[in-house]
Every structure is written in structure tokens, then in C-alpha cells.
Amino acid sequence: MEKIFSKRCASSLFRFIQVFALFLFSSSSLQFNTNVIGTVTVTILFLPLLRAGKLKKVIMISSAAGDAEFTKNVEHESIVPYSVAKAALNMVVLKYALEKRNREEGFTFLALAPGAVDTREMEGVTDPERE
């Protein structure tokens, strides 16, 4: 019985490692690390410098793809990992903006979506603002 149980545990553990590795190296993980973790890391590193300066503005590059209303209006169903990462980034910006210390120090945090870029991922997507 122990050998069967051990083989099952080993098999389950191996499957878990496979799934976890898939996530780590998947598009979802890459998008999240780039658009959320990377942006937060840079912000954390630069906040002390910004606190010492006079201009206390932080702009993070977002995307309409991370906006639920835009996504619903254009019925854009692709680029899911990118959209989820940008939606998470929008929440990060909001949390920084609402943080008491940042408000007291006069910080402005802004998520800026510069608009659609003509790329392969945008094929078939119509921008309602251009119509």
C-alpha cells in the first residue's frame, strides 16, 4: 500500500510542478511580471527620489485592454493575459493614489492609456472612438 501511495504522491507532485512551471513560463506569467511586478518594482525604487523632489507625479502606462467597459463595448476577446495584467496595473495605480501617505505628500498617480497601436494583436478590433 505504501508503494502505491508513494507513486500517487510522486505523480501528483510531478503534475503540480509541471503546471506550476507552465504558469511561470507562460504568457500570463510573463505579462503579469512585465506589466505589474516590473512597474511596481520601479515605482518602489523611485518613490524615495520622488519624495525628495518637488514634482510628485507618477504615470504608469496602461491600456484600454485593461478596462472592463472598453473590452465589453468592443467585444475584444483576445489578448487575455495582457488585459488581465493591465487591469491589475489599474488597480495598483488606484491603491497608490488612495494611500494616505501619498495623498498627504501631494502625490498624483495616473494610469495613462495612450491608445491602440496597430499590431497583430489588434487585428479585427475596432476603436469606438474612431467611428
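This is a predicted model: local features need pLDDT of at least 70, side-chain atom pairs count only at pLDDT 80 or more; totals for chains, interfaces and linings use all residues.
Entry 1, helix H4. I checked the length of H4 (residues 80-98) first: at 1.5 Å a residue its 19 residues should span 27 Å, and the end C-alpha atoms are 27 Å apart, so the two agree. I then listed its buried residues, which are Ser83, Ala85, Lys86, Leu89, Val92, Val93 and Tyr96. Looking for what covers these residues, I found that the cover includes helix H2 (27-52), strand S1 (57-61), helix H5 (100-104) and strand S2 (108-112).

Entry 2, aromatic rings. I counted 2 aromatic pairs. The ring centres of Tyr96 and Phe109 lie 5.1 Å apart with planes at 10 degrees, and because stacking requires planes under 30 degrees apart, I noted this pair as stacked. The pair links distant parts of the chain, with Tyr96 in helix H4 and Phe109 in strand S2, 13 residues apart. Tyr96 has 12% relative accessibility and counts as buried, and Phe109, at 10%, counts as buried too. Tyr96, Phe107 and Phe109 form one aromatic cluster.

I counted 4 salt bridges. In one of them Arg51 and Glu105 bring their closest N and O atoms to 2.7 Å, linking helix H2 to the loop between H5 and S2 across 54 residues. Glu105 also forms a salt bridge with Arg101, at 2.9 Å between the closest N and O atoms, and shared partners join Arg51, Arg101 and Glu105 into one network. Their relative accessible areas are 21% for Arg51, 45% for Arg101 and 28% for Glu105, and I noted each as partly exposed.

Note on methods
Residues are numbered from 1 along each chain as its sequence is written. Side-chain values use heavy atoms; hydrogens and water are left out. Helices (H or I, at least four residues) and strands (E, at least two) are DSSP runs, numbered from the N terminus. The expected span of a helix is 1.5 Å times one less than its number of residues. Buried means under 20% relative accessible area, exposed over 50%, partly exposed in between (1.4 Å probe, protein chains only). Contact means heavy atoms within 4.5 Å. Rings of Phe, Tyr and Trp (its six-membered ring) pair if their centres lie within 6.5 Å; planes under 30 degrees apart count as stacked, over 60 as edge-to-face and the rest as tilted. A salt bridge is a side-chain nitrogen of Lys or Arg within 4 Å of a carboxyl oxygen of Asp or Glu.
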